[in-house]
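Please have a look at the model below before reading on.

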Amino acid sequence: MPEPNYAVELTPPDIEPYRAGNTGIDYVTTFDSGVPGPHVLVTAVTHGNEICGAIALDLLFRAGLRPRQGKLTLAFDNVAAYHSFDRRVPTGSRFVDEDFNRLWAPATLDGERQSTELARARALRPIVDAADFLLDIHSMQYATAPLMLAGILDRSLALARRVGIPELIMCDAGHAAGPRMRDYGGFGDPASDKTALLIEAVATDVMLRFLIAVGTLSRDDARPLGGPNFDAHPRQRIIQVTEAVTITGEIFEFVQDFRGLEVLPQKGTLIGRDDGREVRTPYDDCVLIMPSRRLVKGQTAVRLGRYVA
């Protein structure tokens, strides 16, 4: 598939002022309220071309807000990829060597493989281990409706509902290529209380609503930074992902230029071919979620789901 062709209307902020931080890990800063409470982690640029998270964290830093309770850690993840961002080729800086957000299995982190992203994930691992709540900020390839990715645990879905935006919540188990940071460790353990969300777009308002929901900020603290969705109260809808289409062949092709969130009404509708093998919808009213333009063997081509609420 051709690379998306769109203008970049946002300006990546200079994150160099945040390099030193105060944790001993570059680009990671922790604010401690001195009051008992949860350790909340907000991360940006997990993918180096998804600059909205950097904008949101930069805004929070410059506003000088501090947690009312517990700790708040702000982290820029894949800074090497972010520093290579070029608005003329906006997808080219997603990562340097490999996808940072497919590395979060202990066997991978503890293994012998080396890459730019693995080195950074290993450096950040103690911070992720220490967090009680995580919000990982991403953005879509296309201007489609934003999605909150809540994983498969009830407590994550409940937190997404407390945040209250965006309208769409997606519940899925991730990718065959490897676990996401939001699924790592206690975040994906039914027996743990740790809870993580991943947001695709509407970065600042979701970040503020998330920090209110977990008790880090009050509504009055956050309101001066709020944008058009800060006071929104949509009727949230849930998309249950039933399968991720993992590419098994050398050539995967979609039959149409799908952009995401298309609802295909008829079971058996052809959506693509994987080395000639037809890929069809498994049921009526199938929702296509984030069809990829990085169609590589072993990666997810598209996720299939249905509205359940």
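1. Start with helix α4, residues 116-130. The helix has 15 residues and spans 23 Å from its first C-alpha to its last. That is close to the 21 Å expected at 1.5 Å a residue. Keep in mind that this model is predicted.

2. Where does α4 bend? The bend is at Leu124, and its angle is about 45°. A proline, Pro126, follows within four residues.

3. Now look at which side chains are hidden. Among the buried residues of α4 are Leu118, Ala121, Leu124, Ile127 and Val128. An α-helix has 3.6 residues a turn, so residues three or four places apart point the same way.

4. What do the buried residues of α4 pack against? Three strands are partners: β1 (28-32), β2 (39-44) and β3 (71-76). Two helices join them, α2 (79-82) and α3 (106-109).

5. Move on to Pro166, in the loop between α5 (154-163) and β6 (168-171). The peptide bond from Ile165 to Pro166 is cis. Its omega is near 0°.

6. Check Ala201 next. Its phi is positive, about 85°, although Ala201 is not a glycine. Find this residue in the loop between β7 (195-200) and α6 (203-213).

7. Finish at Asp275, in the loop between β11 (270-274) and β12 (277-280). Asp275 is not a glycine either, yet its phi is positive, near 50°. Is Asp275 buried, partly exposed or exposed? With a relative accessible area of 46%, Asp275 is partly exposed.

Terms used:
Residues are numbered from 1 along each chain as its sequence is written. This is a predicted model: local features need pLDDT of at least 70, side-chain atom pairs count only at pLDDT 80 or more; totals for chains, interfaces and linings use all residues. Side-chain values use heavy atoms; hydrogens and water are left out. The expected span of a helix is 1.5 Å times one less than its number of residues. The bend at a residue is the angle between axes fitted to the seven residues ending there and the seven starting there. Buried means under 20% relative accessible area, exposed over 50%, partly exposed in between (1.4 Å probe, protein chains only). Contact means heavy atoms within 4.5 Å.
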